[in-house]
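Here is a friendly note to read alongside the model. Keep the sequence and the 3D view open as you go through the points.

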Amino acid sequence: MAQPDSKKIFFENLSGAGKAIAVLTSGGDAQGMNAAVRAVVRMGLYVGAKVYFIHEGYQGMVDGGENIKEASWESVSSMLQVGGTVIGSARCKEFRTHEGRLKAAHNLVQHGITNLCVIGGDGSLTGANLFREEWSGLLTELVEQGLIEADAVQKYSALHIVGMVGSIDNDFCGTDMTIGTDSALHRIIEVVDAIMTTAQSHQRTFVLEVMGRHCGYLALVSALACGADWVLIPEMPPEDGWEDKMCQKLSANRAGMKRLNIIIVAEGAIDQNNMPITTDYIKNLVVKCLGFDTRVTILGHVQRGGTPSAFDRILASRMGVEAVLALLETTANTPACVVSLCGNQSVRLPLMECVQMTQEVQKAMDEKRFEEAVRLRGRSFENNLKTYKLLAHRKPESELPVSNFNVAVLNVGAPAAGMNAAVRSAIRVGISEGHKMFAVSDGFEGFSKGQIKEIKWADVGGWTGQGGSLLGTKRTLPAKHIDKIAEQMQKHNINALLIVGGFEAFLSLLELLTARGKYDEFCVPMVMVPATVSNNVPGSDLSIGADTALNAITTTCDRIKQSASGTKRRVFIIETMGGYCGYLASVGGLAAGADAAYIYEEPFDIRDLQANVEHLTEKMKTSIQRGLVLRNENSNENYTTDFIYQLYSEEGKGVFDSRKNVLGHMQQGGAPSPFDRNFGTKISAKAMQWVTKKLVETFRHDEGRVFANGEDSCCLLGMRRRALVFQPVVQLKDQTDFVHRIPKEQWWLKLRPLMKILAKYKTSYDVSDSGQLEHVVRNRPKESDASVAM
């Protein structure tokens, strides 16, 4: 929630005039680093600072010369979609020596650089902090050696450091996600999805090795996202005798008509004695014990390659801007900080606190304190591990609690990628809690017709990676068939409802809540998990399906822009979905590097359109060859996509030509992204655990039935800032614009100025949420295991 206007700070008050900022990438490369570099350069130039590239990381800083170059606005054009790092990265032994750091200090002083933005892992950031601590001593040595003037010591008295973590392993404590992790997960899941088809054809077992020498995040989350049979990670070695248990599990799955097995192994996987577990060892074990046709695939550097995902582009862009703001606000007494992600917020944490906690994890693993290592990784990692165990390993019937409760799961509204992962999670958690689970086909329309059947553990196998809605979904609201739905609730003795859907699901809960006055059948716990590409559900910052849609938009925009490569100057007008919600247009615009994004929430008129055309014309004359303009489908009833296309075509004559594309339902299709698979899995598991708790609380022993009619028994589970929160739907009514089917306040509107700044517009940027240096031990509220999704 935005603070009152009186407390807002706008970055215009933070001048970078006279300051020099240098940006470097160090250590291993990661997709999204270029987006971070671009954001640092453009934000730095925007506030009036000089910005420099340091090529080849610390090696370039030590060598100096052509490795340190001043950056211009145009020098970071067309790099947003490029993987790796275009300014190069290298591991530098010389920088680890005092002499090397002395050379580096001399090279920085020669360019007047006293602000460093370092993008790398914990080793790179630790080196930067040591450099900062030695800075004044290094300058004194340089004066003594006659390499710099004495007044330079005063002029360049302090070196300011801000770090951003670029690492595909997500092995840095203090941030939910590091730059590159989401893209690496995309590469892994693409391979797993492809392998599954061939494995199924031949009834094979595949053993996949993924990166993660000291951290099992990629292995764990990809196992969660594809429903792997077994996963091995360094933080939680398997118990002695794990080989027999794994083979029993693989054999049981085959006996249950499953035609393939997937085992995912982190490259650093170890046993209880800290001895490595290799893919070949697992392959030989499966062949020897079970005789299954088993193959090994080592993904290797494929995981580092390719174009960055939408998530990584947005994360890196936000972090880059936040890093520049942090450098502008820093003082000689401010500790070096790292810009991190907590929930959906950028936060600043003391760099060395994060580094020390990261090192503690490795120490705990070396000392075989594995449970402590998992805890130190953070609530997100811990929650991923718990959820995987809950969903992958079914307890024997004799060990399951007996609840005698019947719970129904259904989809309502338009299909969204990730819905099936959410349904699978709900059903398996429900079965683990001892409930009898029922699946309802075709939403409330199917409910009224009695399309309800019991669903078992094995019935949802392989659902995680499927797009659309396998249960079937309709937009029909329950009020139309309320009598018949109540009848079916009674007939099947349904004690609770879990609904996965969009705005229609929200409206449905409100109607069912109202119907409680007439029908006791609806006096049961009801919960909704938001799933819609439009991301327009009140009470939640994020919805299942929105990330997959953003990736579809971003990938398509990349291809569309590339289609004009080498031709004359061209502007593309792209129409996105979203109803009246501008989330896809705005955040997709930020991820794709758009010049403008027209949305309903930010009214515009002909003067704004004219200003955008003039701005693009000016840019086209001086630098860029391609322009990108996004328009939400319902942004304005008169300024249609055709109108805007014709306007740009006419006004751009002689400078650029225009093309238009309506993306349509391709935004709704396709396999769900890793983000949506995991968000759907974890949020739905949490929703089902809430259902269990409410069923126990509301069961009337004297009547032998569940009776829940309080507001708090009809909730929406949503992602709010840094936490997953259950909110009674009746309390969300005041926060909703029912006419336009959007929340009255939307957090992502604060990201719109970022897109404008990075497109060279003059604008105001509210930084009221910035500037608070938090501490790594205190930066997680109790339920922040949401971790934005993963």
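1. Which side chain does Lys449 meet in a salt bridge? The partner is Glu445, with 3.5 Å from N to O. A salt bridge here is a side-chain nitrogen of Lys or Arg within 4 Å of a carboxyl oxygen of Asp or Glu. Lys449 counts as exposed, at 55% relative accessibility. For such labels, buried means under 20% relative accessible area, exposed means over 50%, and partly exposed is in between, with a 1.4 Å probe and protein chains only.

2. A word on the source: this is a predicted model, in which local features need pLDDT of at least 70 and side-chain atom pairs count only at pLDDT 80 or more, while totals for chains, interfaces and linings use all residues. Residues are numbered from 1 along each chain as its sequence is written, and side-chain values use heavy atoms, with hydrogens and water left out.

3. Now to an open sheet of seven strands, ordered β3-β2-β1-β4-β5-β10-β11 with mixed pairing. Its edge strands are β3 (68–70) and β11 (345–350), each pairing on one side only. From one strand to the next, the twist averages 25 degrees. Helices (H or I, at least four residues) and strands (E, at least two) are DSSP runs numbered from the N terminus, and two strands pair if DSSP finds at least two bridges between them.

4. β1 pairs with β2 in the parallel sense over four bridges, and Lys50 in β2 is the bridge partner of Ala20. The chain goes from β1 through α1 to β2 in a right-handed β-α-β crossover; right-handed means that, with the strands pointing away from the viewer, the path from the first strand over the helix to the second runs clockwise. β1 also runs parallel to β4, joined by five bridges, where Leu24 has Val118 as its bridge partner.

5. Val162 stands opposite Cys337 in β10. Helix α4 (residues 122–144) packs on the sheet, touching β4, β5 and β10, and its direction makes about 160 degrees with that of β4. Contact means heavy atoms within 4.5 Å; axes are lines fitted to C-alpha atoms, for helices over the stretch in contact, and angles run from 0 to 180 degrees between N-to-C directions.

6. There is also an open sheet of four strands, in the order β7-β8-β6-β9, with parallel pairing. β7 (230–232) and β9 each have a single partner strand, so one side of each is left without a neighbour in the sheet. Neighbouring strands are turned by 15 degrees against each other on average, direction ignored. Three bridges join β7 to β8 (residues 261–266), and Trp230 has Ile263 as its bridge partner in β8.

7. Asp293 is partly exposed at 30% relative accessible area, whereas Arg204 counts as buried at 14%. Elsewhere, Asp520, Arg700, Glu703 and Arg705 are linked in a network of salt bridges.

8. Finally, which residues touch the most other members of the largest nonpolar core? They are Met164, Ile264, Leu498, Tyr583 and Leu630, in a core of 154 residues. Helix α10 (residues 310–329) gives the most to this core, with 13 residues. Apart from it lies another core of 41 residues, among them Met61, Val109, Leu138 and Ala336. A nonpolar core is a set of buried Ala, Val, Leu, Ile, Met, Phe, Trp, Tyr and Cys residues joined through side-chain atoms within 4.5 Å.
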